[in-house]
Amino acid sequence: MTRCALKNTEIIKKSSLSVLKLNTFETSKKITTIMPETILVIGACGQIGTELTMKLRDLYGPDNVIAGDIREGNETLMASGPFEQLDATDLKAIEEVVMHYEVDTVYLMAAMLSATAEKFPMRAWNLNMNSLFNVLNLAKEKKIERIFWPSSIAVFGTTTPQNDTPQTTIMEPSTVYGISKQTGERWCEYYFNKYGVDVRSIRYPGLISYKTLPGGGTTDYAVDIYIEALKEQKYECFLSENTALPMMYMDDAIRATLELMQAPAENLTIRSAYNLAGLSFTPKDISKIIKSHIPEFEITYNPDYRQAIADSWPSSIDDSAARKDWNWKTEFDLEKTSKAMLNGLKES
Ligand SMILES: NC(=O)c1ccc[n+]([C@@H]2O[C@H](COP(=O)([O-])OP(=O)(O)OC[C@H]3O[C@@H](n4cnc5c(N)ncnc54)[C@H](O)[C@@H]3O)[C@@H](O)[C@H]2O)c1
């Protein structure tokens, strides 16, 4: 829906929305802790944004969740609620949408991911940093109340302990993307300490999903492998067979995001970004599981420039702070993830 079209229905929308918010709040036992709010998701059409926006629309009502992106998303997303074409580096454009819809919470998902960022370092820096400053400054000026901004395991580097990487440890990222995420974490903590901005963040591991394709990350192989296994019964992997990386199924990542955002502020001890563990596996591990479902499946290895990025990241993550502060618990192991991916891809 365009902004003009929305203006015409604004009065009806606002009155029906308050009823909807109230109903949601009063009738569903499971979500009684959810405060009524209006949400803007920037980068809503990407791998995470698409599923996050749909889930938020389920919880808060479709018209209370505005999808914003520089490009349009898939049909289901576009048909499910309001959409605003919006550049995350354009403060004025974000502010206009925030004021128009009376947005309380922004989920900033727009970014340039690890593999693409190595090709366009300055563009990545500009997008990843300026978009974050834009929303942090809107919160500092009290134009929005809450921010979710994702960090990544890319904040770690070769000098970080690789196994069970602690929450607080050496962080010397060697990629443009990792440097932007580590810097972003520092600014989030600074805005919380200095200006009381309620910003929350997670260091997502590599995310596995079938509904929207990944957008140029180093862990994309863990999605491509299922697609190619079903289509061609073979896959050439761009990482070597024993490269273990932290990963997570999308449903777990979305649930983690919502649980963190719903957690009472006083329980949160970390305002940079929480470590989040899900799975840790190698291409060889995943290929064995796929073979147990598709016996003809064959994998070959041809590592490229992404191997060096993967080698600089941890193999597994210690997420005890997330478990302690907001009761985080993973639900999807590799077998359950593989079944969900293969079944989901067959049906889509
Ligand atoms: N997917 C992962 O495995 C993973 C892991 C760790 C962290 N993250 C982080 O999560 C966030 C979302 O990741 P994703 O995988 O969904 O990325 P993605 O590339 O799939 O989606 C990003 C979205 O942002 C949009 N976008 C790009 N430039 C924009 C701009 N200037 N203005 C508005 N929108 C713009 C794109 O059109 C796209 O829809 C990013 O911050 C990413 O760094 C992702």
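**Figure 1. The largest nonpolar core of the predicted model.** In this predicted model, the largest nonpolar core comprises 95 residues. The residues with the most contacts inside this core are V41, I42, L108 and I147. Helix α7 (residues 121-140) contributes the largest share of the core, 7 residues. Nonpolar side chains tend to be buried together in soluble globular proteins. In the protein chain as a whole, buried residues make up 44% of the 348 residues.

**Figure 2. The surroundings of L108.** L108 belongs to strand β4 (residues 105-108) and is buried. When neighbours within four places in sequence are left aside, L108 is in contact with I42, G43, A88, S131, L132, V135, I147 and W149. Two of these partners, I42 and I147, are listed with L108 among the residues that have the most contacts inside the largest nonpolar core. I42 is also the bridge partner of L108 in the pairing with β4. Across the protein chain, residues 24 or more positions apart account for 77% of the contacts with a separation of 6 or more.

**Figure 3. Strand β4 and its two parallel pairings.** T105 and Y107 point one way from β4, while V106 and L108 point the other way. All four of these residues are buried. Strand β1 (residues 39-42) pairs with β4 in the parallel sense over 4 bridges. A further 3 bridges join β4 to strand β5 (residues 146-148), and this pair also runs parallel. In general, the strands of a sheet pair through backbone hydrogen bonds, in either a parallel or an antiparallel arrangement. The protein chain contains 14 helices and 14 strands.

**Figure 4. An open sheet of 3 strands.** The strand order in this open sheet is β6-β8-β12, and the pairing is parallel. β6 and β12 (274-275) stand at the edges with a single partner strand each, so one side of each is left without a neighbour in the sheet. β6 is joined to strand β8 (residues 202-204) by 2 bridges, with the two strands running parallel. In this pairing, R203 of β8 is the bridge partner of S151.

**Figure 5. Two loop residues with positive phi.** Most residues other than glycine have a negative phi. D164, although not a glycine, has a positive phi of about 50°. D164 is found in the loop between β6 (151-152) and α8 (176-195). Because 15 C-beta neighbours lie inside 10 Å, D164 counts as partly exposed. N327 is likewise not a glycine and has a positive phi of about 55°. The loop between α13 (320-326) and α14 (334-347) holds N327. With 10 other C-beta atoms within 10 Å, N327 is exposed.

Definitions and conventions
Residues numbered from 1 in each chain as written. Predicted model: local features only at pLDDT ≥ 70, side-chain atom pairs only at ≥ 80, totals over all residues. Buried ≥ 20, exposed ≤ 12 C-beta atoms within 10 Å, placed from the backbone. Pairing = 2+ DSSP bridges. Core = buried A, V, L, I, M, F, W, Y, C linked by C-beta atoms within 7 Å. Contact = placed C-beta atoms within 7 Å.
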